[in-house]
Amino acid sequence: PDVTPWTVYILCCADETLYTGCTNNVPRRLRRHAAGQVRYTRGRLPVALAYQEAVADHSAALRREAAIKRLSRRQKLQLCATGLPTPRTI
């Protein structure tokens, strides 16, 4: 069984775009973003962690990442501001 903690996160980029991703190692992933090793954020540095949410496993992380990516920019900003997960529909 997968016991590694997974996290879904949102970054605010220098150009004010939002990047959503998931990882099982937040510090390592943030270092990769900061080092320009992630294609989307490479030209949008610096980035700031705006939101993170722990999820049960990799599969749940991918589902939650997809759900967040479907949100409007306004909804994503609201999620970042409140720090609370958005209601999930099943």
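A contact here means heavy atoms within 4.5 Å of each other. Keep that in mind as you tour this predicted model, where local features need pLDDT of at least 70, side-chain atom pairs count only at pLDDT 80 or more, and totals for chains, interfaces and linings use all residues. Residues are numbered from 1 along each chain as its sequence is written, and side-chain values use heavy atoms, leaving out hydrogens and water.

**Start with the whole chain.** Show it as a cartoon and you will find four helices and three strands, in the order β-β-α-α-β-α-α from the N terminus. These elements are DSSP runs numbered from the N terminus: helices are H or I with at least four residues, strands E with at least two. Among contacts between residues at least 6 apart in sequence, 54% join residues at least 24 apart.

**Next, select the core.** A nonpolar core is a set of buried Ala, Val, Leu, Ile, Met, Phe, Trp, Tyr and Cys residues joined through side-chain atoms within 4.5 Å; buried means under 20% relative accessible area, exposed over 50%, and partly exposed in between (1.4 Å probe, protein chains only). The largest core has 13 residues, and Val8, Ile10, Tyr51, Val55, Ala61, Ile68 and Leu79 touch the most other members. A second, separate core of five residues includes Tyr9, Leu11, Cys13 and Val38.

**Zoom in on Val55.** Leaving aside residues up to four places away in sequence, Val55 touches Trp6, Thr7, Val8, Ala60, Ala61 and Arg64.

**Finish at Ala81.** Select helix α4 to find Ala81. Is Ala81 buried or exposed? Ala81 is exposed, because its relative accessible area is 68%.
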